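Student: I'm new to this one and I'd like to know where the labels come from. Can we go through them together?

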Amino acid sequence: MTDRPGVVITGVSGRMGRMLIEEIGSHPGLRLVAALERPGHEWIGQDLGEAMGHQPMDVAVHDDPLEAFRTAEMILDFTSPQATVSYAAIAAQARAVHVIGTTGLDDSQKQKIHEAAAEIGIDGPRQRHRCAARPAGATQEVRRGRHTELRRAGGARQGRSKLRI
């Protein structure tokens, strides 16, 4: 058992998924516990490191979100809008923080995500920072117009429009 929060990355074979794998792997405060890919993908059932052509990582690639989210405290989601909506309900049931980077969500999909969060008592994005436990040194997203800033705990600015974990 570890005090580092367990992270699941969805869409691990994609550009953002691969970048997130490297970021999580180098972050001392987080641990990658599972990877998720769409059903039928060639990586399913393989060790993530081996699937990527690297050393084994002891992290399995799943196609079942229930299995992948089982030990996670945080889900990093950069997939399709349809997948994100389905993951939102499962992440809410698992009481895991669901970090959504998916683009192209329409209003009805955003509403479904909000409803999934509301079912367990999270009142949408306004309360996200109060409901989600963050590890020491974690970042918080601050939106201003079209730009996004990430701030470290304590308010130190990390940068604009750049993902940092």
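Predicted model: local features only at pLDDT ≥ 70, side-chain atom pairs only at ≥ 80, totals over all residues.

Student: What makes β3 and β5 edge strands?

Tutor: Look at the order of the open sheet: β3-β2-β1-β4-β5, with parallel pairing. β3 (61–62) and β5 (97–100) each pair on one side only.

Student: Why is T84 called buried?

Tutor: The cut-off for buried is under 20% relative accessible area. T84 has 0% relative accessibility, so it counts as buried. This residue lies in helix α4. Setting aside its neighbours within four places in sequence, T84 is in contact with D77, T79, H98, I100, T102 and I113.

Student: I113 is in that list. Which buried residues does α5 have?

Tutor: They are Q109, I113, A116 and A117. Among what covers them are α4 (81–93) and β5.

Student: How do you know which way the buried residues of α5 fall?

Tutor: Look down the axis of α5: its buried residues fall within an arc of 95 degrees, so they line one face of the helix. D107 and E119, on the other side of α5, are exposed.

Student: And how do you know what α5 should span?

Tutor: Take 1.5 Å a residue: the 13 residues of α5 (residues 107–119) should span 18 Å. The end C-alpha atoms of α5 are 18 Å apart, which agrees.

Student: What makes up the largest nonpolar core?

Tutor: This core has 17 residues, and I9, V12 and L48 have the most contacts inside it. β1, α1, β2, α2 (48–51) and β4 each supply at least two residues, and α1 gives the most, with 3 residues. As for where α1 sits, this helix (residues 15–26) lies across β1 (6–10), β2 and β4 (74–77), running at about 165 degrees to β1.

Student: What is V12 in contact with?

Tutor: Leaving out neighbours within four places in sequence, V12 is in contact with G17, R18, I21, A35, L36, E37, W43, L48 and V61.

Note on methods:
Residues numbered from 1 in each chain as written. Heavy atoms only, no water. Pairing = 2+ DSSP bridges. Helix = DSSP H or I, 4+ residues; strand = E, 2+ residues; numbered from the N terminus. Contact = heavy atoms within 4.5 Å. Axes fitted to C-alpha atoms, helices over the stretch in contact; angles between N-to-C directions. Expected span 1.5 Å × (residues − 1). Buried < 20%, exposed > 50% of the residue type's maximum accessible area, 1.4 Å probe, protein only. Arc of directions from axis to C-beta. Core = buried A, V, L, I, M, F, W, Y, C linked by side-chain atoms within 4.5 Å.
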